[in-house]
Amino acid sequence: MFGTVPIIVIGVVFALSAAWIAQHVFGTPIGWIRAILSAGVVYAITVPLARVALEASDVTAGGQFDVSSAIGILFVAVALGWQLAIAVTVIMLSELFWPSDRGWHPIRAAKGIIRRRKRMLRYAQTLRIASKHGLSLYGSHRRGEEQDVPTALVAAMNEAGVTFMKVGQVLSTRDDILPREFTEAFATLQMQTSPMSWQTAKAAIEAELPGALEESFEWVDERPLATASLAQVHAARLQPEAGAEQGASVVIKIQRPDARASVKIDSDIIVRLAADAERRASWARACGLSALATEFTRSLAEELDYRIELANTELLRATLAQSDVKTIHVPAVYASLCGERMMVQERVEGVPFARMNGTLADDMVAGGGVAHTETYAFDAHVVAGTFAATAVKPFPTAREIADSLVDTVFEQIAVRGVFHADLHPGNIILRPDGEITLIDFGSVGVVERSMRRMLIAMMSAMAAEDDIALTDLLLMIAADASAGGDIDRAALQHEIGVILTRMHNGSTDASIFRDVIDVLRRHQMSLPPGLVLVFRTIASLEGTLRLLVPDYDMVDRAMSRTPHFLRVGFDPAEMLAEAQVKMQVVGEQLRRLPRRIETFASQLENGTFGMSLRMFRDPFERGWIASLVGQLTTTLVGVALIVTAVVLLISGGGPLLTQDVGLFAFIGALLGLAGMLLVLRALRTSLRRPVDGA
């Protein structure tokens, strides 16, 4: 009937047709090579089966038609249709279980294999470490359900490496979500990292510069000043500018070359582990571990981009410039030398608070005072110019230094709305002149204006021991996390009142904010993340200040300055502008009110008033419903055709087309083919992969 060449030609056309149909069934591109190969394999397998079926049905004998040509061609067409349907089904199933994405490419495939291999090796290593410390995600812990989970987590994170230790350090700030025993345990994590070699650091620095190292820097100290998990810092001196004897003294913060790749792999593993832990461990579900992991990976990705830190530095500088306290500084940054992986900024001389031992160093106060030179301008109509006056001011006491820092930080938070959110002792440096410089602006908090008003009101309520006002404020800003559950306001107010009473009758410290967070958590409430960051920053600042003044009462100082913050934040012009805006909004609403009332009354009088649901008014929603109904209809018709086909094939009957095949059986084969194609078409939406923009 058909020779070898025609069968091959038909096979090529068959494979191309099957691939084209499969692409349109999916609605997304499918790998052509795999689709054609799959269709070719199906064709090669089914051709002998089709020959056997045609001979068994007495359509062919000895390779020739045993019936009229018209009947024979009809049977061959039905056989090819079934082969095509089988090929499309195979392609669809292969695409479902092994998506081709943009098609197979040897280089991309090799990179993917290497990437998956690295991830799996690291994943296996991480699981071994977790299991070693009794934190297996599968089944019960080896050490029993009463295992000290926080201690085990800290031990595992210390062993797992940099990224996991950073996870713990970030989680140590989430008092609003994690129990205190977890945050206290995570706060003990300590990073021990070895420095990069100078050759590696130099290559990384030059990769961020437009030219050679010597073109920008007069010298760079090969020994690092400090080493961190993701970067290290080198002292350097810039090339002198025109007319200058020497360049500025700076520090270079350069990111480790392998930091991004390591963080990327570990971040992916952290997200996967958190999801697995939530499915298998009750403590992980209670902590919302998966959401915390996602938040961490996002913040860590931002930490790797030093351009964000550069923008934060300039933002804090502008904020401090508006403050009345002029003894807090931000180092100068050389933006032209900064990039995604490197920062160059002024080198700050002084003593970090981390080295304080409860008092000022003797060499700082030995001189008895600090010389300050002020420049003044004058204009006497005839003569104008400037003059400088130098005066020796006594060196500030430790308490005065602490007071100035508290005033500045609380003004940043409550008045300006932008604050340094990582005030640990290493980021605050006391200069030889008694003033302070803040460094490391990778973490900066922003508090919106409405929240700042609430915060000042909360501080006033705490200072006045007004438990009713503080409870009302907390209810206004705290999100109800109990899925609509009722809040026991009396119990909440009682617990808040107890905290305030203890604060006013005993020693006060920043733990009051943690106590408030604990109360809210017990009542299934949570504060906005920005406000939690404020409380955590305040607690960190208190610990830092007590390295300078061991008995310093930061909360009492802040409460006593609340009236000052209210005065500083009071701007008549701003309030007038706000009142004008509100009046304009209300006026516009009132102007439209009579027309709306008239329309409503007219519709009631005429009996034309009606209500309509907003559901499915959008064209996209209507299209989705139409698609769903069409898909359901197609599926039902396809299934009905297949059932009818089975009945006809089993019952047989009708005029004989061949010696063994009747008309009803032939029609059943056609209907079965049509039903199968309709079902495949209906599966288009179910099996289609989401694409961008969809």
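The axes of helix α13 (residues 306-321) and helix α15 come within 11 Å and cross at roughly 95°. Angles of 65 to 115 degrees count as roughly perpendicular, so α13 and α15 are roughly perpendicular to each other. This is a predicted model, and the protein averages a pLDDT of 79. The points below cover helix contacts, a sheet and confidence.

**Helix α13 with helix α15**

- From α13, the contact takes in Leu-316, Thr-319 and Leu-320.
- These meet Thr-408, Gln-412 and Arg-416 in α15.
- By class, this contact has two nonpolar, three polar and one charged residues.

**Helix α15 with helix α22**

- Helix α15 spans residues 398-416, and helix α22 spans residues 562-569.
- Their axes come within 10 Å and cross at roughly 50°.
- That angle makes α15 oblique to α22.
- The crossing of α15 past α22 is right-handed.
- On the α15 side, the contact involves Asp-407, Phe-410, Glu-411, Val-415 and Arg-416.
- Sorted by class, the contact of α15 with α22 has four nonpolar, two polar and three charged residues.

**Helix α18 with helix α19**

- Helix α18 covers residues 489-505, and helix α19 covers residues 511-522.
- The two axes come within 10 Å and cross at roughly 170°.
- Angles over 145 degrees count as roughly antiparallel, so α18 is roughly antiparallel to α19.
- The crossing of α18 and α19 is right-handed.
- Helix α18 contributes Leu-492, Glu-495, Ile-496, Ile-499 and Met-503 to the contact.
- Helix α19 contributes Ile-512, Asp-515, Val-516, Val-519, Leu-520 and Arg-522.
- The class count for α18 with α19 is eight nonpolar, no polar and three charged residues.

**An open sheet of four strands**

- Four strands form an open sheet, and their order is β7-β14-β13-β9.
- The pairing in this sheet is mixed.
- Strands β7 (328-329) and β9 (351-352) are the edge strands, and each pairs on one side only.
- Strand β13 (residues 428-430) and strand β14 (residues 436-438) run antiparallel.
- Three bridges join β13 to β14.
- Ile-429 stands opposite Thr-437 in β14.

**Confidence along the chain**

- Of the residues in the protein, 82% score a pLDDT of at least 70.
- Confidence is highest in strand β8 (residues 342-346), at a mean of 95.
- Confidence is lowest in strand β16 (residues 479-480), where the mean is 53.
- Over residues 480-484 the pLDDT is below 50.
- That stretch, residues 480-484, has six contacts in the model beyond near neighbours in sequence.
- Over residues 138-145 the pLDDT stays under 50.
- For residues 138-145 the model has 15 contacts beyond four places in sequence.
- Where pLDDT is low, the predicted coordinates should not be read in detail.

Key
Residues numbered from 1 in each chain as written. Predicted model: local features only at pLDDT ≥ 70, side-chain atom pairs only at ≥ 80, totals over all residues. Heavy atoms only, no water. pLDDT = per-residue confidence, 0-100. Helix = DSSP H or I, 4+ residues; strand = E, 2+ residues; numbered from the N terminus. Contact = heavy atoms within 4.5 Å. Pairing = 2+ DSSP bridges. Axes fitted to C-alpha atoms, helices over the stretch in contact; angles between N-to-C directions. Parallel < 35°, antiparallel > 145°, perpendicular 65-115°, else oblique. Left-handed = near helix turned anticlockwise from the far one by under 90°. Nonpolar A, V, L, I, M, F, W, Y, C, P; charged D, E, K, R; others polar.
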